[in-house]
Amino acid sequence: MVINRVNKVKQEYWARAILVVLIGAALLIPFAGKWLQAIPNDLPTWVIHARMPEKGGWSPSRITAQVGEPLKLRLTSEDVIHGFAIGKMDEPSSVEIEPGKVVEVNLMFNQPGTYTFYCTRWCGENHWRMRGVIEVVGEGTPLVEDQPLYLKMGLEIDAPHPAEEVPSNSVDPQQGSTFARLLPSYALDKQTYRTSSPANLWLRLRAEQKLIELSDDEIWNIVAWIWEQQTSPELLAEAKQLYAENCAACHGETGKGDGVMVRDLMPPDTEEHSSGERTRPPDFTDPNHLFGASPALLEGKIIRGGMGTGMPYWGPILTDEQIEALVSYIFQFAWEK
Ligand code: HEC
Ligand SMILES: [Cu+2]
């Protein structure tokens, strides 16, 4: 069975429809229109100061709100330009906070839960730590996340995961697609994709009687095609942008792990922490590294982050759909090798 997860996630987010952001009443999210008249002038108001994380980040960094009750944030920066956005929005909208100016954001939530707000501008080496929470209380179905797959699988996401097999030539997914009818049904199951590394799936298909005639390269073409099937040009385009905004500073534009922030993560003369933790981003273009990881593992790393390695956690910021798209995008670096 192929689970159409993208659609499911889309629906969930529409069902949530939690948030109305009106910036000086100029910028409206379409479905928010009807709330406009309902918003009184004297809303509960929070003044929030933005500073670089070294200087204290957001203050206050924890605010409270009531379900269904609009609130106003007055955002102001005391140093550089910061950005403000709320995590896990299907259509993220962010505002810029210029030093010395005040920007107003009106919000309303229709589900109780803990929402994360974060800075969207690279304001310094600790930029990503600039996060705060909005605690929303009241009636309604609370915002609860599914347990991520890496936890259900009990994956050890910090362990090294070298690939047992890698392609010896460049792959041709198009050619792989011509063997579709020979494939066992599990091969096209979304769950198989999410829980297998390319190397695992290759080994599994290599052992199939029905594929015995195929060459090793042809099996790799099938695996490359399966990986391609799990995404779309639209999702990859979205992921490309997310990656450029949030990941390239460390992982590098081309995924080689050579982003501009890397020098801040680790002094040049130390290869590893004494504890052996990796502190450099891995080379995503290296199949020997990447093809030993399943999508669930990479998703897990993105959701939870590293343990003192410098890899931020994105669970409260990115939607499941965005994380899946990013994983496909990251795999692209190695497939295109
Ligand atoms: C501040 C630097 C930094 C930023 C920003 C960053 N990463 Fe990382 N990332 C790292 C480091 C360092 C590692 C290696 C250590 C580790 O795995 O914990 C890593 C590891 C990873 C891994 C695990 C790879 C593997 O093979 O185990 C994935 C996947 C990943 N990052 C994805 C992302 C994505 C997606 C983003 C953006 C949304 C991102 N990273 C942003 C520094 C960063
Ligand atoms: Cu900032």
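Here's a quick tour of two features: a sheet and an iron site. Keep in mind that this is a predicted model. The sheet is open and has five strands, and the iron atom of ligand 1 is held by a histidine and a methionine, His251 and Met311.

**The sheet**
- Reading across the sheet, the strands come in the order E4-E10-E9-E6-E7, and the pairing is mixed.
- In general, strands of a sheet pair through backbone hydrogen bonds, either parallel or antiparallel.
- At the edges you'll find strand E4 (62-66) and strand E7 (95-97), each pairing on one side only.
- For a look at one pairing, take strand E6 (residues 82-86) and strand E9 (residues 113-118), which run antiparallel and are joined by two bridges.
- Alanine 85 has tyrosine 118 in E9 as its bridge partner.

**The iron site**
- His251 uses its NE2 atom and Met311 its SD atom to coordinate the iron atom of ligand 1, at 2.0 to 2.1 Å.
- The iron atom of ligand 1 has six donor atoms in an octahedral site, with angles of 87 to 179° among them.
- For comparison, the ideal angles for six octahedral donors are 90 or 180 degrees.

- Histidine 251 sits in helix H8 (residues 248-251), while methionine 311 is in the loop between helix H11 (295-304) and helix H12 (320-335).
- That makes the pair a link between distant parts of the chain, 60 residues apart.
- Histidine 251 counts as buried because its relative accessible area is 11%, under the 20% cut-off.
- Methionine 311 has a relative accessible area of 21%, so it's partly exposed.

How values were computed: Residues are numbered from 1 along each chain as its sequence is written. Chains are lettered from A and ligands numbered from 1 in the order in which they are written. This is a predicted model: local features need pLDDT of at least 70, side-chain atom pairs count only at pLDDT 80 or more; totals for chains, interfaces and linings use all residues. Side-chain values use heavy atoms; hydrogens and water are left out. Two strands pair if DSSP finds at least two bridges between them. Helices (H or I, at least four residues) and strands (E, at least two) are DSSP runs, numbered from the N terminus. Donors are N, O and S atoms within 2.8 Å of the metal (3.2 Å for Na, K and Ca); water is not among the atoms, so sites may look incomplete. Four donors count as tetrahedral if all angles lie between 85 and 135 degrees; four count as square planar and six as octahedral if opposite donors are over 155 degrees apart and all others between 65 and 115; anything else is irregular. Buried means under 20% relative accessible area, exposed over 50%, partly exposed in between (1.4 Å probe, protein chains only).
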